[in-house]
Amino acid sequence: MTNNGEIEQLFNIIDESTETLMRELDTSYLDALIETGDNLISGEVRTENGKPSTIEKNNLEHFYSEANIKQLDPEVIRQAIQLAILKASQQDHIQANHQMTPDTIGMLFAYLLQELLQTSDVLTVFDPAVGTANLLTTIINDIYRNHADTKITGIGVDNDDSMLATADINSRLQGLDIDLYHQDALDQLVFNAADVAVSDLPVGYYPIDHRVKNYETHSTEGHSYVHHLLIEQAMNHVVPGGFGIFLVPSNLFQTEQAANLLKFFKNKVYLQGFLNLPKDLFTNASLQKSILIMQNYGEQAKQVPQVLLGDFPSFKKQKEMKKFLAEIKQWHRQNF
C-alpha cells in the first residue's frame, strides 16, 4: 500500500516548486512542472538569464533536498506527479484527449495482463498514445509489485512534446526503464516488436489521409478513425501471439467504419475479449468505454472457444467486483 502522507508531502514539494517557477519564468503550470521534474532528477536548479533569482534558487534547492526521491516507492512518486498533472490540466485547460487515464482502469489493465501472461522473465510494454505515461507506469508498477523478478521495459510514442516531456520526467523520477519517441505513432516506428501493447486510445478522425492509405483499417471515403489505425499499428508492432489491451469506445463495432476494422481482425488478430466499463463512470451513455483484448496470430495463439464478454460492476461495489475478477480468472483457465 502506498503511503498517503508521503504522496501528499511530495505533491506539496512539487506543487510549490512549480508555482515558484511559474512566477519566476512566466510560464504555464505544465511547463513549470516539467522544469521542476528535470530539477528534481538532476538535484539542482537550472538557471537562464538570471531566472529564477538567487533567493528562489536557494529556496527551491532546499525544497528538493526534502523530497528524498531515491528513498520513495515509485507508486508514491507516480501518484504525486499525477496530482500535479491534474492541477496542470485544470489550470492550463488541457484538451480532453490529453486527460489522464484513471488509476482504476490502469489497475484493470495490469490485472488482465498478468492473468493473460502468467509468468514472464522479460516483458516489453508498448503504448502508442503514451501521453503523460500514467497508464504505462501504473501497469509497470503493478506488475513489479506482484512479479518483482520480471525485467520490464516500456516504449511510449506521442506527437505532443509537452505530454512526452511530462512522460519523461514521470518515468525517470520513478526509476522506470521506458524509451520515449516524439513522433506521429502512425508513421514508421523504429523499435523492435513489443510483447504487449496497451493504450487509452484517442478517439476521432485522423486528418492526413495519404499517410494511412496502406492501413487495412483506413476509410475509403473521408478521414479514418484514429483509434482504428492505432489498434492496427500497435498490433503490427507486437510479437506473434502477443496481446493488445486497449480502452476503446463501447460502440467500436457499431460505426460506419467498423467493417474495415473487423476485416483487419479476421486477417491478423484474434478478438479474445470485450468488457464494458461501468456506466456510472461516464456522464453520458455515448461516452462509455470498453476494454478490448486481442491477440496476434502466432504458433501458440488460437481463437478462444468463448470470447470474454461482460459488463464490469460499479467500482464502488467491491464484493461484486471481486466476483467479476474471479470469473475472468476462471475464463482464462478454461480458454487458454
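This is a predicted model: local features need pLDDT of at least 70, side-chain atom pairs count only at pLDDT 80 or more; totals for chains, interfaces and linings use all residues.
1. Setting aside neighbours within four places in sequence, I139 is in contact with G106, F109, A110, L113 and V198.

2. A second, separate core of 31 residues includes A32, V76, I81 and I85.

3. Now back to I139 and its surroundings. The largest nonpolar core has 38 residues, and I139 is among those with the most contacts inside it, along with F109, L275, I291, I293, F312 and I328. Several elements give two or more residues to this core: the helices α5 (103-117), α6 (134-146), α7 (161-173) and α10 (318-335), and the strands β1 (122-127), β4 (194-200), β7 (238-249) and β9 (289-296). Which element gives the largest share of this core? That is α5, with seven residues.

4. Next, take a look at a pair of helices. The axes of α1 (residues 4-25) and α4 (residues 74-91) come within 8 Å and cross at roughly 40 degrees, which means that α1 is oblique to α4. The crossing in which α1 passes α4 is right-handed.

5. What do the two helices bring to their contact? On the α1 side you will find E6, I7, L10, F11, I14, D15, E19 and M22, and these meet V76, I77, Q79, A80, I81, L83, A84, K87 and Q91 of α4. By type, the residues of this contact divide into 11 nonpolar, four charged and two polar.

Technical notes. Residues are numbered from 1 along each chain as its sequence is written. Side-chain values use heavy atoms; hydrogens and water are left out. Axes are lines fitted to C-alpha atoms, for helices over the stretch in contact, and angles run from 0 to 180 degrees between N-to-C directions. Helices (H or I, at least four residues) and strands (E, at least two) are DSSP runs, numbered from the N terminus. Angles under 35 degrees count as roughly parallel, over 145 as roughly antiparallel, 65 to 115 as roughly perpendicular and the rest as oblique. A crossing is left-handed if the near helix is turned anticlockwise from the far one by less than a right angle, and right-handed if clockwise. Contact means heavy atoms within 4.5 Å. Ala, Val, Leu, Ile, Met, Phe, Trp, Tyr, Cys and Pro count as nonpolar, Asp, Glu, Lys and Arg as charged, and the others, Gly among them, as polar. A nonpolar core is a set of buried Ala, Val, Leu, Ile, Met, Phe, Trp, Tyr and Cys residues joined through side-chain atoms within 4.5 Å. Buried means under 20% relative accessible area, exposed over 50%, partly exposed in between (1.4 Å probe, protein chains only).
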